[in-house]
Amino acid sequence: MSPAAGSGLIDQVAQACQLAATVAGGRAAAEVKGIQTRLEEPLRVAIAGRVKAGKSTLLNALIGERLAATDAGECTRIVTWYRQGPTYGVRALLRDGSDEELLFTRDDGVLDIDLGVLPARDIEWLDVRWPSGRLARFTLIDTPGLESLDAERSHRTKQLLGIEEEGPSQVDAVIYLMRHLHRSDAEFLDTFLDRSLARPSPVNAVAVLSRADEIGAGRLDALESASAIAERYAADDRVRSLCATVLPVAGLIAETGFTLREDEVARLRELTAMPPAGLDEMLLSVDRFCAPGVSPLTSEYRRDLLLRLGLFGVRFSLRELQTRMDCSSSQLAQRLVEASGIERLIEMLDGHLGARSAVLKARSALSGLRSLASELEAEDRAGSQNLRAAVERVEAGAHELAELRLLHMLLTGAVELAEDQTEEVARLTAGGDPAERLGLPGDTGREAERTEVLRRLEDWRIRAAHPLTDRTTADACEIIAQAYERLHAELATGSTGHE
Amino acid sequence: MTVDPGAAPSLPDLDPTAVSGLLTRGIEACTAWQRTDLAARLRVVANRLSRTSTLVAVIGEYKQGKSMLVNALAGRRVCPVDDDLATAAIIAVYGAEEAGARVRRVVDGRAGVETVPVDDLHRYVTEFGDPVDRAGVELVEVGIPSPSLDEGLTLVDTPGVGGLLQQHTATTLRFLSLADAVIFVTDASQELMETEIAFLEQARVACPAVLVVVTKIDLYPDWRRILEIDRQHLAVRGVDLEPIPVSSALRMEALDRADPDLEQESGIPDLLATIRRQIFEGAKRRSAQRAVDELRWGLSRLLDPIEAELAILDDPDAAEAGLARLRAMHDQLKTLQEAGSRWSTLLNDGFTDLRSEVDYLLRTAVRTLLTKVDTQLEDLDPASDWEGFTHEAQEAMSRVVGDAFAAIDEGVATISDRIAALLSHEEEVGPDLGGTDPLDVMAVWAGTERELKTVEGKRVTGALSTGLTAIRGGSSGMILLGVMGNLAGIALAAPVSVGVAAFFGAKQVMDTRKAALKQRRQEARTVVRQYVDEVNLEVSNRTRQSIQDFHRALRDHYAVRLQELSRSTTTALQTAQESLARDQTGRQERAEKLRQWSTQLRRLLDELPVLDGRDRS
């Protein structure tokens, strides 16, 4: 495998950090340290959205474990980071800068964190360390809902995402959950996205149409309806200029699919043994489903099933078990995961965000250093100017950042290219081995790849020079041509490729 | 004789059933005295009382199940329901003997009405509906046979707050003040949000009755907890409302199966009962109040000639003077009914002034708005803040519209006050009869002026005694709603260049950027001007039309009453002259009879409940 796109950039940013360390003292030194370690850590992905959009449920589904507490009422009250750790541990970071290890228990898998005597308002954020494969690639951040009735809580989320305060955001990318496209959703996306890009960007944001199973009153075709809605949203220019795509995900179905237990399947099977008329009557409403005495299965068990699967999930599972007599527990779990749409989101995270994680991190770090330089201006004018110059040098020289901006322009429609050309550029800038970046079969061979690169390079140069091409598009074509130039150089020196 | 002296004592409270009983007796009395004019009008009043038009607006965020709820309440699938598409027009559903729908739309500034099949509504009312059918739709009225609607309940389905209403909050709240009640819809999937509670707080001030309904309880196992949390949120904010849980889907299913248990489970019967108790009965009482006012007027006109004749018979010495006075009154009323009379001049001048006042108000408001927009555009880049900018412009425009309609409302009431005052101060004519004065042209107008009361610190316009409220209120609200619907259809599109962000930013040559910014601002200015022009045209058409309607209604209102008075005077004059021609015994017999009638009518008048401490009998 080739190194991820932007690893050279990371080195340059690390050097800028070293320079910053020599300039900064005291509190600023700690900030530099923070920026440095952040470069080495996995990409920080925040899960944001309005109250009860299903953020914690989706987080659990992404980790594949039932960790975060989920509940009918507003649940997540403190920003919580879930990151890869060698052992299990929970730490509270306090407002005064100190931190404290916390005790926790697990209730049916769910973390029950004991805040002890700590008042919740003194806690800046919670740091959950957990050994988990998925967290090795991403640090996931669960946030209290925006527009929570508790103003303090939504303020915390905005603080984290850098909406309310000047200065860089603490996260590199975001999964934004929307239930319906609502005016405040669009406003939120607008304010969230990185100001250093001047405009909101689809390069680091993915939208999820969450609680997809509840659309259409939990009918069995709910997810088809949800897909159609997500597609319509994704086709909207306004939405397209804010996030990469809109994916329908039934978080609850995914979470339960990943964590389904044998005893739960056995109870579902018990229900399928009931006379169909009685079962239909039960499935009319949640109250009927849980009513005492309507089924041999106790109403507590039925209620548990409902909480785990929702009315749609119960209907879906019963249909699977009824129509496929040989459906095993693991098959049912697999069917739930497939139906939930979570797999497409994971693919999107790995592909769209994962491939660019170095560039996204570098960009976060640079914007951090930039704001540090402004902070230092008063005390050390020369040092501050040096630092700013260093940041600008990296920014000007880094083709990865130019490519990111280019992609941003293409995806937002600021520069218009044919659809296949946009795809070509997205592939080219995504990283991976040359064949992948060129969209050619893996066994193409070095020579053929070089020929293809030269051909395309020529094409883009011609486009850039064409008298009818407007200024912005010409600039874009030039960036693309340069990217091909570099790829050509890489192919020539063999610095990347099949090792 | 229909008036029973042994009737029940006067009512302490307004009971609509009792009032309609009184009305029946009043109508019988009018018929007995051959006052078909009075009888006919009281019949209209009785009809209105039995079918009190009550406007209930169903409001809430996007996709909370508003249309479904309207359907469940009506017991019929009237409003189109879709997983994805939202309702984009205003649909008023009311009870009718036969199902039928009318689409009101404005095309090229002309309002028109067309009849459409009830089953085709989706083409006219959903977003992305048929583009031709959707064009310019102001309002869709659907009449259906429905037991829950046949007493006069009108349900108004609205587009979601997140969509249309948020852009027109000012207009919405103005509409709410004209509706009889609001049903606020939120679903059981999650607790109330900040935006929803903030809206509820405002709605509560604007509208006399608000219900909070939690829908989709068939879907969410934890709906009881959500209900409890909602209740707490409301309590914390001091919003004293009890959320009502319902499942629209279960009611429809229950009706299909004719399953009363399931229907009870849906919560809809309870909601209907609450609507009846908290909304409908209040409206009915107000309607009964108006009916009592009308009845008092009618009976007094019946009594006028009887008592005038009686006064003349009782005091033969003053007979000539009495007759002279009646004649003078007769002449005076005749003058009043002429086209050039003072009150009708006042009416016409008043409406001319009102029309130019509203025009002026619209013109200046629009000019101020445009100036503000120009100033804003001087230091704003439309590329980066188009959304916020358009939102502000729309909000400002919607305030202008709301203010225009409020000015009409206020203006009409003022004109009516001035006419009432003028009529009550008309120069007294004819010799004084001394003592009791049975027929006093001036006195009948006293107290018909609008009364301003203070309810919970809020200035409200009190009911006009003789039914002017029937002209105002509801209809004004519907017009405003329609205008709102159409405003939503007027797009404030982003200028072309705004879509293309100046992304290369700092790396681009400065003057190219400046030129681009200048172009963007110019385009933004043009787009806003177009939008304001369109809204302005639409609104001035509608305000002009509604001023015209009010003008006609107010003229009829006073003309009809003058006619009725005039007829009373003529009758009095005739019967008095006839009586004077009788011999002594004949006169005595006549006087005795008149006294009996007078007592009976007075007794019926005494039975009328006294309202709001206003006693004009």
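This is a predicted model: local features need pLDDT of at least 70, side-chain atom pairs count only at pLDDT 80 or more; totals for chains, interfaces and linings use all residues.
Chain A is taken up first. Its secondary structure comes to 21 helices and ten strands. Chain A has 499 residues, and 44% of them count as buried. Among contacts in chain A with a separation of 6 or more, 71% join residues 24 or more positions apart.

The ten strands of chain A form an open sheet. Their order is 5-4-3-6-2-7-1-8-9-10, and the pairing is mixed. Strand 5 (110-114) and strand 10 (246-248) of chain A stand at the edges. Each has a single partner strand, so one side of each is left without a neighbour in the sheet. On average, neighbouring strands of this sheet are turned by 25 degrees against each other, direction ignored. Within it, Phe104(A) stands opposite Ile113(A) of strand 5.

Leu43(A), Val45(A), Ile47(A) and Gly49(A) point one way. Arg44(A), Ala46(A) and Ala48(A) point the other way, and the residues of both sets are all buried. Strand 1 of chain A pairs in the parallel sense with strand 7 (residues 138-142) of chain A, over five bridges. Leu43(A) has Phe138(A) in strand 7 as its bridge partner. Five bridges also join strand 1 of chain A to strand 8 (residues 173-178) of chain A, again in parallel. There, Ile47(A) stands opposite Ile175(A) of strand 8.

Helix packing in chain A comes next. Two packed helices are described by the angle between their axes and the distance between the axes. Helix 2 (residues 27-40) and helix 15 (residues 357-376) of chain A pack at about 170 degrees, with their axes 9 Å apart. An angle over 145 degrees counts as roughly antiparallel. Helix 2 of chain A is therefore roughly antiparallel to helix 15 of chain A. Helix 2 of chain A contributes Ala28(A), Glu31(A), Val32(A), Ile35(A), Arg38(A) and Leu39(A) to the contact. Helix 15 of chain A contributes Lys361(A), Ala365(A), Gly368(A), Leu369(A), Leu372(A), Glu375(A) and Leu376(A). By class, this contact has eight nonpolar, one polar and four charged residues.

The axes of helix 8 (residues 251-259) and helix 12 (residues 299-323) of chain A come within 8 Å and cross at roughly 120 degrees. This angle makes helix 8 of chain A oblique to helix 12 of chain A. The crossing of the two helices is left-handed. Leu252(A), Ile253(A) and Thr256(A) of helix 8 meet Arg308(A), Leu309(A), Gly310(A) and Gly313(A) of helix 12. The contact of helix 8 with helix 12 of chain A has three nonpolar, three polar and one charged residues.

Residues 24 or more positions apart account for 81% of the chain B contacts with a separation of 6 or more.

Strand 8 (residues 210-215) of chain B has six of six residues buried, so it is largely enclosed by the rest of the structure. Val210(B), Val212(B) and Val214(B) point one way from this strand. Leu211(B), Val213(B) and Thr215(B) point the other way, and the residues of both sets are all buried. Strand 8 of chain B has six bridges to strand 7 (residues 181-187) of chain B, in the parallel sense. Here Val185(B) has Val213(B) of strand 8 as its bridge partner. Two bridges link strand 8 of chain B to strand 9 (residues 244-245) of chain B, also in parallel. Val214(B) has Pro245(B) of strand 9 as its bridge partner.

One helix pair of chain B remains. Helix 2 (residues 36-50) and helix 12 (residues 268-314) of chain B pack at about 170 degrees, with their axes 10 Å apart. This angle makes helix 2 of chain B roughly antiparallel to helix 12 of chain B. Residues in the contact include Leu38(B), Leu42(B) and Val45(B) of helix 2, and Ala288(B), Ala291(B) and Leu295(B) of helix 12. The residues of this contact divide into eight nonpolar, two polar and three charged.

Notes: Residues are numbered from 1 along each chain as its sequence is written. Chains are lettered from A and ligands numbered from 1 in the order in which they are written. Axes are lines fitted to C-alpha atoms, for helices over the stretch in contact, and angles run from 0 to 180 degrees between N-to-C directions. Helices (H or I, at least four residues) and strands (E, at least two) are DSSP runs, numbered from the N terminus. Angles under 35 degrees count as roughly parallel, over 145 as roughly antiparallel, 65 to 115 as roughly perpendicular and the rest as oblique. A crossing is left-handed if the near helix is turned anticlockwise from the far one by less than a right angle, and right-handed if clockwise. Two residues are in contact if their C-beta atoms, placed from the backbone, lie within 7 Å. Ala, Val, Leu, Ile, Met, Phe, Trp, Tyr, Cys and Pro count as nonpolar, Asp, Glu, Lys and Arg as charged, and the others, Gly among them, as polar. A residue is buried if 20 or more other C-beta atoms lie within 10 Å of its own, exposed if 12 or fewer, and partly exposed in between; C-beta atoms are placed from the backbone. Two strands pair if DSSP finds at least two bridges between them.
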